[in-house]
Amino acid sequence: MADETPTGAAPANATAPSYSLVGQYIRDLSFENPGAPGSVMLGGPNPQFSVSINVGVKKQADDLYAVEINLTAKAERDSTVLFNVELVYGGVFRLRNVPETTLPPLLMVECPRMLFPFARHVLANTVQLGGFPPLMMEPVDFNGLYLQNLKNLQAQSAANAAN
């Protein structure tokens, strides 16, 4: 006998929590090579790199969220900027039946984890097309980043309450 859903009844998995990636995009991409063409011909010691990463979330509709990774990377040698690159890479996610308590870690950890390899690829290619070896970022611990930001927010709240 075939499994059948009674008329008018929802399938059993219709209320199961789920999330899916609807689409990806580059919202902002900036590459600066202020010393070009001389900077690509320079030799010398390895440059010093500074890299920062942030995650932002904006609700778009009842079940749609835009999650964006903001990456900035700067390379300097002897106080001279070789390149500066900024990337805002995002994705739109559809979340269904996700409990409110699990929304923040899903949006701030799992969604960026899905997007990061694509953002890293764009960043590496952009730096390479700018005349430098590709910048290959190490994988990011988005859970650690989320927990650190949560701890910082709690400390700020406690400080504001004390004042």
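Leucine 106 touches Tyr19, Leu95, Val98, Cys111 and Pro112 when residues up to four places away in sequence are left out. This residue belongs to helix H2. In this predicted model, leucine 106 has a relative accessible area of 11%, so it counts as buried, the limit being under 20%. The C-alpha atom of leucine 106 is separated by 34 Å from that of glutamate 32, and the two residues are 74 apart along the chain.

**Confidence**

The average pLDDT of the chain is 88, and 90% of the residues score at least 70.

In soluble globular proteins, nonpolar side chains tend to be buried together. Here the largest nonpolar core has 32 residues, and Leu71 and Leu95 have the most contacts inside it. Two or more residues each come from strands E2 (48–59), E3 (64–77) and E4 (80–96), and from helices H2 (103–129) and H3 (142–162). The element that gives the most is H2, with 11 residues.

Leucine 71 is in contact with Ser52, Ile53, Val85, Glu86, Leu87, Ala119, Leu123 and Met137, leaving aside neighbours within four places in sequence. Leu95, the other residue named for its contacts inside the core, is also among the residues touched by leucine 106.

**Helix H2 and its partner H3**

The axes of H2 and H3 are 9 Å apart and the helices pack at an angle of about 145°. The crossing of H2 past H3 is right-handed. On the H2 side the contact is made by Pro104, Pro105, Met108, Val109, Pro112, Arg113 and Phe116, and on the H3 side by Phe142, Asn143 and Tyr146. By class, the residues of this contact are 8 nonpolar, 1 polar and 1 charged. Pro112 takes part in the contact with H3 and is also touched by leucine 106.

Threonine 126 is another residue of H2. Its relative accessibility is 15%, so threonine 126 counts as buried.

**Loops and backbone geometry**

The loop between E1 and H1 holds asparagine 33 and proline 37. Asparagine 33 counts as buried because its relative accessibility is 18%. Its contacts, not counting residues up to four places away in sequence, are Ser39, Val40, Leu82, Gly130 and Phe132. Proline 37 is joined to alanine 36 by a cis peptide bond, with omega about 5°.

Positive phi values occur at two residues that are not glycine: serine 79, at about 65°, and asparagine 97, near 55°. Serine 79 lies in the loop between E3 and E4, and asparagine 97 in the loop between E4 and H2. At 72% relative accessibility serine 79 is exposed, whereas asparagine 97, at 41%, is partly exposed.

The table lists the accessibility of the residues discussed.

| Residue | Relative accessible area | Class |
|---|---|---|
| Leucine 106 | 11% | buried |
| Threonine 126 | 15% | buried |
| Asparagine 33 | 18% | buried |
| Asparagine 97 | 41% | partly exposed |
| Serine 79 | 72% | exposed |

How values were computed
Residues numbered from 1 in each chain as written. Predicted model: local features only at pLDDT ≥ 70, side-chain atom pairs only at ≥ 80, totals over all residues. Heavy atoms only, no water. Core = buried A, V, L, I, M, F, W, Y, C linked by side-chain atoms within 4.5 Å. Buried < 20%, exposed > 50% of the residue type's maximum accessible area, 1.4 Å probe, protein only. Helix = DSSP H or I, 4+ residues; strand = E, 2+ residues; numbered from the N terminus. Contact = heavy atoms within 4.5 Å. Axes fitted to C-alpha atoms, helices over the stretch in contact; angles between N-to-C directions. Left-handed = near helix turned anticlockwise from the far one by under 90°. Nonpolar A, V, L, I, M, F, W, Y, C, P; charged D, E, K, R; others polar. pLDDT = per-residue confidence, 0-100.
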